[in-house]
Amino acid sequence: MNANIKSRVRPIATTSVAAWTFLLTVGFGHAAHAQQWPTKPIKILEPFPAGVARDGDTRFFAEKLTGILGQQVYVENRPGAAGRMAGQAAVNAAPDGYTFNMMGTTDILTKYLYKLSYDMERDLVAVTMIKTAPAGIVVRPSLPAKSLRELISLATDHPGEMTYGSTGAGGFLHVNALLFSSITNTKFRHVPYASGNPVTDVLGGHIDMVFDGIGPTYLGHIKAEKLRALAVTGEKRTDALPDVPTFIESGVPTYDTHIFYGMFAPKGTPESIVVKMQQAISQILQEPALRHRWASEGATPVGSTSAEFAARIRSESDRWGKVIRANNIKIE
C-alpha cells in the first residue's frame, strides 16, 4: 500500500519541480533580456506622413535615442485612417521593446469616433508624455471682439452667426469648440474642411475663428497682427505670446484643454524596458536647445512617468468622450 502511494506521488513531485524550473528559467530569461536591451534596432511608428506635423519631432527623438541607447532607432511612418494604421500595427507588434509608437490627442478622439479592434488604454502601455502645447481661440483681426469677454458677449447676442473652422467632424478643432460652447453657453456655426486649411480662411476673413492648439502655424501671423489670439489655456501665459491672457484671467477657468503627445509600447513590454525608454527621453527633454525651441513655439517638454501619462490619458479620454457623446458625433 505504501509502495503504491509512493509510486503515485513521485511523478507529481517531479512534475512540480520541472514546472517551477521552467517558470523560473523563463522569468530569469525575460529579466536578462530586459537588462541587455537593446541589442538590435528599435522602431518608432509615426501616424503622420514624413515631413508632416509631429514627424519632425519624432525623427529628432529617434536620432537622439540612437546615441543614448547605442542601437539604431528609426521612424516608420504609418499614415492613414486617422492614426488607426499605426495604432493597429503597434498593438500587433511583439512586446519585446523593439517597437514603440507616438500617439496623442487625436488618438483619444478616434476611440470614440470609429469602431476599433483595439483600445489604446487596454492594449498599449503609456511610456511617457513628451510634449504639451496650449490651446486658444484665434480670430480674424476684423472681428469686432478684442477680448474673450467681448467674444462671448457677441456670441450671446448673435447665436449661431459667427463661424469657426475645423479639419473635420470629431477632430480636435471641432470638439474643442463644442467644449467651449458648453462651458460658456454660446453657439457658433461649424465649418468643417474635408481638405484645405481653415487657417487660410481665417486669414482671408472667410471664417471668423479657430479653436486650436497654439503653435508655429499661428504664431507668426499673430505676431504680425494678421490674426488675433484672444486667450490661451494654462495656469500662466505662454512665453511665445506674453501679451495674450489665459482663459483663467479672462474669466473662463474651467476651459483648459491642451494638445499633447507621447510614446507608447505594446502591452506586455517589460517594465524595465519601459522605464529605460522613459529615462532616455527625459534626458533628451533636458537639453537647453530643445527647451528653448519649444518655448519659442509655445510648447512645454514633459517627460512623465508611465503611471502619470496613463492617468492623463484616462482623464482626457473621459473629458472628450463626454463631449462627443453629448453632441452625438459619429463617423462610420
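Q: Angles under 35 degrees count as roughly parallel, over 145 as roughly antiparallel, 65 to 115 as roughly perpendicular and the rest as oblique. Why are H2 and H11 called roughly antiparallel?
A: The axes of helix H2 (residues 55–69) and helix H11 (residues 288–296) cross at roughly 170 degrees and come within 13 Å. An axis is a line fitted to C-alpha atoms, for helices over the stretch in contact, and the angle runs from 0 to 180 degrees between N-to-C directions. The value is over 145, so the pair H2 and H11 is roughly antiparallel.

Q: What is the basis of the model, and how are its residues counted?
A: The model is predicted: local features need pLDDT of at least 70 and side-chain atom pairs count only at pLDDT 80 or more, while totals for chains, interfaces and linings use all residues. Residues are numbered from 1 along each chain as its sequence is written, and side-chain values use heavy atoms, with hydrogens and water left out.

Q: What is the mean pLDDT of the chain, and where is the pLDDT below 50?
A: The mean pLDDT (the predictor's confidence in each residue, from 0 to 100) is 88, and 89% of the residues reach 70 or more. Contact means heavy atoms within 4.5 Å.

Q: How many helices and strands does the chain have, and what makes a run count as one of them?
A: The chain has 12 helices and 10 strands.

Q: Which residues join H2 to H11, and of what class are they?
A: Asp-57, Phe-60 and Phe-61 of H2 meet Leu-290, Arg-293 and Trp-294 of H11. By class, this contact has 4 nonpolar, no polar and 2 charged residues. Ala, Val, Leu, Ile, Met, Phe, Trp, Tyr, Cys and Pro count as nonpolar, Asp, Glu, Lys and Arg as charged, and the others, Gly among them, as polar.

Q: Why are H7 and H12 called roughly perpendicular?
A: Their axes cross at roughly 80 degrees and come within 10 Å. The angle lies in the range 65 to 115, so H7 and H12 are roughly perpendicular to each other. Phe-172, Val-175, Asn-176, Leu-178 and Leu-179 of H7 make the contact with Arg-319, Trp-320, Val-323 and Ile-324 of H12. The classes are 7 nonpolar, 1 polar and 1 charged.

Q: How do you know that His-174 is buried?
A: Buried means under 20% relative accessible area, exposed over 50%, partly exposed in between (1.4 Å probe, protein chains only). The value for His-174 is 9%, so His-174 is buried. His-174 sits in helix H7 (residues 172–184). Leaving aside neighbours within four places in sequence, His-174 is in contact with Tyr-164, Ser-166, Gly-168, Ala-169, His-190 and Ile-329.

Q: What makes Asn-185 an exposed residue?
A: Its relative accessible area is 70%, which is over 50%, so Asn-185 is exposed. Asn-185 lies in the loop between H7 and strand S6 (189–192).

Q: What makes a set of residues a nonpolar core, and which residues touch the most other members of the largest one?
A: A nonpolar core is a set of buried Ala, Val, Leu, Ile, Met, Phe, Trp, Tyr and Cys residues joined through side-chain atoms within 4.5 Å. The largest has 63 residues, and Ile-137, Leu-148, Leu-151, Phe-180, Phe-188, Met-209 and Phe-211 touch the most other members. A second, separate core of 28 residues includes Phe-61, Leu-65, Met-102 and Met-277.

Q: Which residues of H4 are buried, and what covers them?
A: In helix H4 (residues 105–113), Thr-105, Asp-107, Ile-108, Leu-109, Thr-110 and Leu-113 are buried. The cover includes helix H3 (84–92), strand S3 (99–104) and helix H12 (306–326).

Definitions and conventions. Helix = DSSP H or I, 4+ residues; strand = E, 2+ residues; numbered from the N terminus.
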